[in-house]
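Subject: Structure for you to look at, with notes

Dear colleague,

Here is the structure I said I would pass on, and my notes on it follow below. Please open it alongside this message and read the two together.

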Amino acid sequence: MALLFSLPPPSSPSSSSPSFSSHCFTISLSSGHQSCRRIRFLPVAATTTTHNRQHSIPLDKSSLAVAEASEEDQLWAAACLHVRSFYDFQASSYGIHDHKRYLAEREFVALKERIAGKREGFKRVSCINATLPLSQLSSSENDLCAACKFTSNGEDRVVVGTLDLNQCLWLPEEIAGTKPEGIEADFGRAYLSNVCVARELHRNGLGYDIVTKSKIVAEEWGITDLYVHVAVDNEPAKNLYMKSGFIHENDEPAWQARFLDRPRRILLWIGLPCTNEL
């Protein structure tokens, strides 16, 4: 039996990662010339997954570290958390493990390329992770530990929250911010993307922690205007960003959301004090 992956082509050379898009991914299961069945994997909200209302595990944050990631194994762990957060899988479907790994590899390569400055349109990109020691997580988080573990200075840790900070004029397939105007927009505007927290650990303030760290890093870069996109019906995510100081700036046109086959987004903005003149 052959496993055939059908994926949409990138929208442009500057496309970043699958989680910027809401296209469907299809697996065809075939034997010889006969196709047996097709399975569709639908990515969920692209900016944050705090929609999930399942029971959350209380967390001791004394060993929590929130910092920019530089090592490849930590970037890989972040890519795996993207896949756990942004795609909805049926556990009984054939080939799930292989497909998850394929998506993680795709996310990993795109993330590395953006950070290395190899994606057109992105001036500077940083992956910011919240991590915990593996020893602090219980057996109830075995799947998370297996997927998102990395080693740092001889210690096994797990990426439990992550986001990307992107210095750019706009993100692919998203509405653009309007501040600052003119030539200042080239270096003063940035966006958050791929914001997610391990679903087992929601409601522990991890989202707020990584967003807070992103604002500090953005200020160090000289960013004056920081943006984030969020689905209009994602109240927990909107509450998180507004708690962090973001306010509403614009709405995605309904036709664009229909064309991209995803929930309509709103654009939130926060102004930052410039602490580093570039």
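This is a predicted model: local features need pLDDT of at least 70, side-chain atom pairs count only at pLDDT 80 or more; totals for chains, interfaces and linings use all residues.

**Salt bridges**

The closest N and O atoms of Glu 252 and Arg 262 are 2.5 Å apart. Glu 252 belongs to the loop between strand S11 (247-251) and helix H7 (254-260), while Arg 262 belongs to the loop between H7 and S12, so that the pair links distant parts of the chain, 10 residues apart.

In total the structure holds 14 salt bridges. One of them brings together the side chains of Arg 114 and Asp 164, at 2.7 Å from N to O. Because Arg 114 lies in helix H2 (residues 96-115) and Asp 164 in strand S8 (residues 155-167), this pair ties together parts that are 50 residues apart in sequence. Arg 114 is buried, with a relative accessible area of 1%, and Asp 164 is also buried, at 0% relative accessibility. A further salt bridge joins the side chains of Arg 157 and Glu 155, at 3.1 Å from N to O; here Arg 157 counts as buried at 10% relative accessibility, whereas Glu 155, at 34%, counts as partly exposed.

**Nonpolar cores and rings**

In soluble globular proteins, nonpolar side chains tend to be buried together. In this model the largest nonpolar core has 50 residues, of which Val 160, Leu 192, Tyr 241 and Phe 246 touch the most other members. Helix H5 (residues 206-221) gives the most to this core, contributing 6 residues. Apart from it lies another core, made up of 9 residues, among them Val 125, Ile 175, Tyr 191 and Tyr 227.

There are 4 aromatic pairs in the structure. In one of them, the rings of Tyr 241 and Phe 246 have their centres 5.8 Å apart and their planes at 70 degrees, and because planes over 60 degrees apart count as edge-to-face, the pair falls into that class. Tyr 241 is buried, with a relative accessible area of 0%, and Phe 246 is buried too, at 2%.

Two lysines are also placed over rings: the charged end of Lys 100 sits over the ring of Phe 89, 5.2 Å from its centre, and Lys 243 lies over the face of Tyr 208, at 4.8 Å from the ring centre.

Strand S10 (residues 225-231) is largely enclosed by the rest of the structure, because 7 of its 7 residues are buried. Both of its faces are covered, with Asp 225, Tyr 227, His 229 and Ala 231 buried on one side and Leu 226, Val 228 and Val 230 buried on the other.

S10 pairs with strand S9 (residues 189-197) in the parallel sense over 4 bridges, and with strand S12 (residues 265-271) in the antiparallel sense over 7 bridges. Leu 226 takes part in both pairings, as the bridge partner of Ala 190 and as that of Ile 270 in S12. Together, S9, H5 and S10 make a right-handed β-α-β unit.

**Backbone points to check**

Most residues other than glycine have a negative phi, and most peptide bonds are trans. The peptide bond from Lys 179 to Pro 180 is cis, with omega near -15 degrees, and Pro 180 has its place in the loop between S8 and helix H4 (185-188). Asn 153 has a positive phi, near 50 degrees; this residue is in the loop between strand S7 (149-152) and S8 and is exposed, with a relative accessible area of 83%. Arg 203, which is not a glycine either, has a positive phi of about 70 degrees; Arg 203 is found in the loop between S9 and H5 and is exposed, with a relative accessible area of 61%.

With best wishes

Key
Residues are numbered from 1 along each chain as its sequence is written. Side-chain values use heavy atoms; hydrogens and water are left out. Rings of Phe, Tyr and Trp (its six-membered ring) pair if their centres lie within 6.5 Å; planes under 30 degrees apart count as stacked, over 60 as edge-to-face and the rest as tilted. Buried means under 20% relative accessible area, exposed over 50%, partly exposed in between (1.4 Å probe, protein chains only). A charge sits over a ring if NZ of Lys or CZ of Arg is within 6 Å of the ring centre and within 35 degrees of the ring normal. A nonpolar core is a set of buried Ala, Val, Leu, Ile, Met, Phe, Trp, Tyr and Cys residues joined through side-chain atoms within 4.5 Å. Helices (H or I, at least four residues) and strands (E, at least two) are DSSP runs, numbered from the N terminus. Two strands pair if DSSP finds at least two bridges between them. A crossover is right-handed if, with the strands pointing away from the viewer, the path from the first strand over the helix to the second runs clockwise. A salt bridge is a side-chain nitrogen of Lys or Arg within 4 Å of a carboxyl oxygen of Asp or Glu.
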